[in-house]
2 protein chains.
Amino acid sequence: MPLTKGILDNPNAERIRRVADLAKTKARRKSGRFLIEAPQAVREAVELRPEIVQDLYIEIDEDGNTASARAAEIASTVFSDESGDRSRIYVHYVTERVMAAISGDAQGIAAVASSEGMIGRLVDMDPGRLQHDADAPLTIAAFWQVRDPGNAGTVIRTADAAGASAVVFVDDCVDPLSPKVIRSTAGSLFHIPVLRASVADLLTWNRKHDGEVLAADVRGTESLTPVPLPRLLAKGQTESHSVRSILFGNEARGLDEAILEDCDGIVSIPIYGKAESLNLATSAAVLLYSLAMSSHMRTM
Amino acid sequence: MPLTKGILDNPNAERIRRVADLAKTKARRKSGRFLIEAPQAVREAVELRPEIVQDLYIEIDEDGNTASARAAEIASTVFSDESGDRSRIYVHYVTERVMAAISGDAQGIAAVASSEGMIGRLVDMDPGRLQHDADAPLTIAAFWQVRDPGNAGTVIRTADAAGASAVVFVDDCVDPLSPKVIRSTAGSLFHIPVLRASVADLLTWNRKHDGEVLAADVRGTESLTPVPLPRLLAKGQTESHSVRSILFGNEARGLDEAILEDCDGIVSIPIYGKAESLNLATSAAVLLYSLAMSSHMRTM
């Protein structure tokens, strides 16, 4: 039986301040915990990664009822799980002002979870352990120095939807456990492994596992001309490799020339109109989805 | 010769307050003018729609130099155009604190432009006047009740890049002339016509011009089952029609069932992973781009 505590009504309580502090990178790093806001993400965490969830904070209204119906549903999955992983989750009921102190984006429910095992290292990952669709090569969506939390979350969600096997954040990226990133993933952080790597790690890991690294870039370098995406799709892509990693660059700077030179190829998205470029999230959506659909169509 | 005024140093001046006010829908509607911020968008407006640009505000630093090199370049295109449309643009030099009062996102340059003719009505549009690539059917990207300014701008940019001929905002959408929308278009607002329509207008206009309206939706209705996008791509789409409009729904609610029932077909984007759905900007990117690439590949 999960443990229930009384109703918390003091927004200045030490415990509540510690939870709210998890919005900050430093507090997350120090405590080894992170904050999950709102029904969609909390539900996915409780369902798919119950072992990391430590506390649930559920808002109750003035009449003592759960403020959000979706929050009540999540609580009931915790209470009905009498012997599983969910049975050790603490459920705290909190007043509106306490929830406001925890987060402005909780929509009635928030959770605190352990960061342990959430963000692994690519070099430790055995490709055989990654889920992947037999119709398509194992695809890794890699992002170099992604800095905007909204972008980071959106690309994790897109990679998940497109059936990629993992997302890799390369070099110095935004913390994938920041609340804003998690909100933008719409639950996908708990569906797909998110890993860290250096550029060298990414290249070495792919070579070791018969993979290739394709950089998404419009310009290319003196020695590497980009292949337009439609041509790549028409010629049956790279399905001779069992692993395929697509590497996207930073929002403002793209990929450094030295990184491009080290990749196995460059793929560019054509611009049919007058726009100068596409933003990162759009590029990732077009590239990851068209490669995925192309693989699935070939086997239809 | 364009007119230059002295350096403006009073952030509380009536003129400056009126410019800053253009961040608000009401002030834009009342004055018939709108605000364009930052070098990229201002450059595209001055280059492609000089007839609507009325005033340029350029920040100078303490030494009296233009604060941004890109702003200086834009000013020089205005000053060198002695008899054209650009010659009647007023150039105002302003101090840092005046620019800060105008906008926090100007990056050294802002413009005020007339809204007249910026957002037309679809029903007045002759498809023969729309630019379009001979390789693909004339494509219209239509958005029903898009509410988030960042989304609205991003989908205009994506539609432009994918070679769509126009963007249509259907029913009650965010104002496409809000500064946040314009920033997110990255200049595309000045590349591609943005029009308004009701749902009925959109359907009627398409029928009149041998067009069809495809709704983007995952669920469909009792009588209309969505065609998965890969199947649509595989079977050569709908190129029997000379006009194709893709209608996307609201960020949170999608499209109402009654609207879906009135469309000529529904197309769904497959989810290969565990994500529940894609967000609006991602859906638009995947759909518009894969249709565009498919048309171009067929004629390669």
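Predicted model: local features only at pLDDT ≥ 70, side-chain atom pairs only at ≥ 80, totals over all residues.
**How the two copies are related**

**The contact between chain B and chain A**

- Chain B contributes 36 residues to the contact, and chain A contributes 37 residues.
- About 3,200 Å² is buried between chain B and chain A, and carbon and sulfur atoms give 63% of that area.
- On the side of chain B, the residues that lose the most area to chain A are Y272(B), K274(B) and M293(B), which together make up 22% of what that side buries.
- Two salt bridges are counted between chain B and chain A, and a salt bridge is formed where the side chains of E276(A) and R43(B) meet, at 2.7 Å from N to O.
- Between chain B and chain A there are also 18 residue pairs in polar contact, counted where both residues have pLDDT of 80 or more.
- The elements of chain B that give two or more residues to the side touching chain A are α3 (39-48), α6 (149-161), α9 (229-234) and α11 (280-298).
- Of the side of chain B that touches chain A, the largest share comes from α11(B), which supplies nine residues.
- Sorted by class, the side of chain B that touches chain A consists of 18 nonpolar, 13 polar and five charged residues.

**Residues with a positive phi**

- Most residues other than glycine have a negative phi.
- D171(A), a residue other than glycine, has a positive phi near 60 degrees, and its place is in the loop between β8 (166-170) and α7 (179-185) of chain A.
- D171(A) has a relative accessible area of 38% and is therefore partly exposed.
- Q145(B) is likewise a residue other than glycine with a positive phi, in this case near 50 degrees, and it lies in the loop between β7 (138-144) and α6 of chain B.
- The relative accessibility of Q145(B) is 12%, so Q145(B) counts as buried, the cut-off for that class being under 20%.

**Two buried loop residues of chain A**

- S103(A) is found in the loop between α5 (96-102) and β5 (109-114) of chain A, and with a relative accessibility of 9% it counts as buried.
- From this position the side chain of S103(A) reaches the backbone nitrogen of A106(A) at 3.4 Å.
- P226(A) has its place in the loop between β10 (211-216) and β11 (227-228) of chain A, where P226(A) is buried, with a relative accessible area of 15%.
- Although P226(A) and V267(A) are 41 residues apart along the chain, their C-alpha atoms are separated by 4.9 Å.
- Leaving aside residues up to four places away in sequence, P226(A) touches D217(A), V218(A), R219(A) and G220(A), and also I266(A) and S268(A).

Conventions. Residues numbered from 1 in each chain as written. Chains lettered and ligands numbered in written order. Heavy atoms only, no water. Contact = heavy atoms within 4.5 Å. Buried area = accessible area lost by both parts, 1.4 Å probe. Salt bridge = Lys/Arg side-chain N within 4 Å of Asp/Glu carboxyl O. Polar contact = N/O pair within 3.5 Å; in protein donor to acceptor, adjacent residues only side chain to side chain. Helix = DSSP H or I, 4+ residues; strand = E, 2+ residues; numbered from the N terminus. Nonpolar A, V, L, I, M, F, W, Y, C, P; charged D, E, K, R; others polar. Buried < 20%, exposed > 50% of the residue type's maximum accessible area, 1.4 Å probe, protein only.
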